[in-house]
Amino acid sequence: MNRIERQYELSVVPSEGIEQLHTALAAFWNEAGVAPEAQIRFNTAIAEVVANILQYAVGPGDGPIQLRLRSTPARIEARLVDRGRAWERPALATSLPEDWHESGRGLAIAGAILDTLQYRRFRNLNCWRLVLAVRQG
Amino acid sequence: MAPEFVKGALMEITVNPVDERTAVVQLRGRLDLLVAAEVKQRLVQAVNEGFRLLVVDMSEVSFVDSSGLGALIGGLKATRLAGGDLRLASVGAQAQAILELTTLNRVLRPYPNVAEALQANL
């Protein structure tokens with residue numbers, strides 16, 4: 001596996017930002033040589049975090065979301081930075097709702113997949129860090 | 001914004017009647033927050049039109065997020081209220097993974113293909 005790092009910008013317009021995320025991930029995996037199963041897990045997790053940012057934090061005029069993807073032999077890591085409103089208490093430890101609920105699973109899914117899911121507010125920035133450890137062999 | 005950019009984000013939804021109580025719903029694209037409300041509305045509409053068993057053909061769904069799962073749950077609830085069922089067929093690797101992770105595969109049972117989903121008893 002190569003050790004690579006790439007930076008992307010995601011529009012705060014949901015239809016554009018989601019499309020750009022999937023395009024960025026496809027380009028990154030093309031270079032990174034990560035196992036398909038890990039790609040699926042990471043894609044699933046980061047899509048939930050980005051969806052939450054687009055739905056609840058950012059709005060028109062906030063400027064693009066900065067995405068940095070890094071792959072090493074031991075881990076896949078993403079850092080997301082946006083200028084949206086601060087999260088008071090992102091529900092990082094939220095457990096999954098019951099089967100019949102139609103919403104409320106997003107960050108629980110991300111948290112269940114990732115080895116690290118961190119949020120912090122730095123000045124006027126929301127900073128997210130996502131880490132998936134890569135199991136060798 | 002380039003037209004194909006928008007096109008890529010949209011989902012095609014086709015409802016194909018099998019008989020007066022059964023329909024196969026073909027989805028094409030990403031089943032995510034951008035299309036979840038539309039998909040749920042179309043599933044509920046199919047139930048209101050009289051279809052009790054909906055088989056959702058997932059063979060051309062490239063990605064499912066939590067909003068997409070919510071749409072499927074919404075459709076499942078509508079069919080169950082009508083005494084029927086909603087079944088998934090030909091689920092891809094990513095969709096299978098998110099169904100297992102959320103344990104929703106217990107209620108949204110994936111079938112290997114449309115024919116087997118149609119044959120299973122209500």
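Predicted model: local features only at pLDDT ≥ 70, side-chain atom pairs only at ≥ 80, totals over all residues.

Reply: In helix 2 of chain B, B:Ala36, B:Val39, B:Lys40, B:Leu43, B:Val44 and B:Val47 meet a set of residues in helix 3 of chain B, among them B:Gly70, B:Ala71, B:Gly74 and B:Ala78. Here, contact means that C-beta atoms, placed from the backbone, lie within 7 Å. Helices (H or I, at least four residues) and strands (E, at least two) are DSSP runs, numbered from the N terminus. By class, the residues of this contact are seven nonpolar, six polar and one charged.

Residues are numbered from 1 along each chain as its sequence is written, while chains are lettered from A and ligands numbered from 1 in the order in which they are written.

Now for how the pair sits. Helix 2 and helix 3 of chain B pack at about 10 degrees, with their axes 8 Å apart; axes are lines fitted to C-alpha atoms, for helices over the stretch in contact, and angles run from 0 to 180 degrees between N-to-C directions. Helix 2 and helix 3 of chain B are therefore roughly parallel to each other (angles under 35 degrees count as that).

Chain B has an open sheet of five strands in the order 1-2-3-4-5, with mixed pairing; two strands pair if DSSP finds at least two bridges between them. Strand 3 (residues 53-64) and strand 4 (residues 85-89) of chain B pair in the parallel sense over five bridges. Helix 2 (residues 36-48) of chain B packs on the sheet, touching strand 1, strand 2 (22-31) and strand 3 of chain B. Helix 3 (residues 66-81) of chain B lies across strand 2, strand 3 and strand 4, running at about 140 degrees to strand 4 of chain B.

Helix 3 has one more neighbour to mention. In the meeting of the two chains, 25 residues of chain B are in contact with 23 residues of chain A. The largest share of chain B's side, seven residues, comes from helix 3 of chain B.

Key: Parallel < 35°, antiparallel > 145°, perpendicular 65-115°, else oblique. Nonpolar A, V, L, I, M, F, W, Y, C, P; charged D, E, K, R; others polar.
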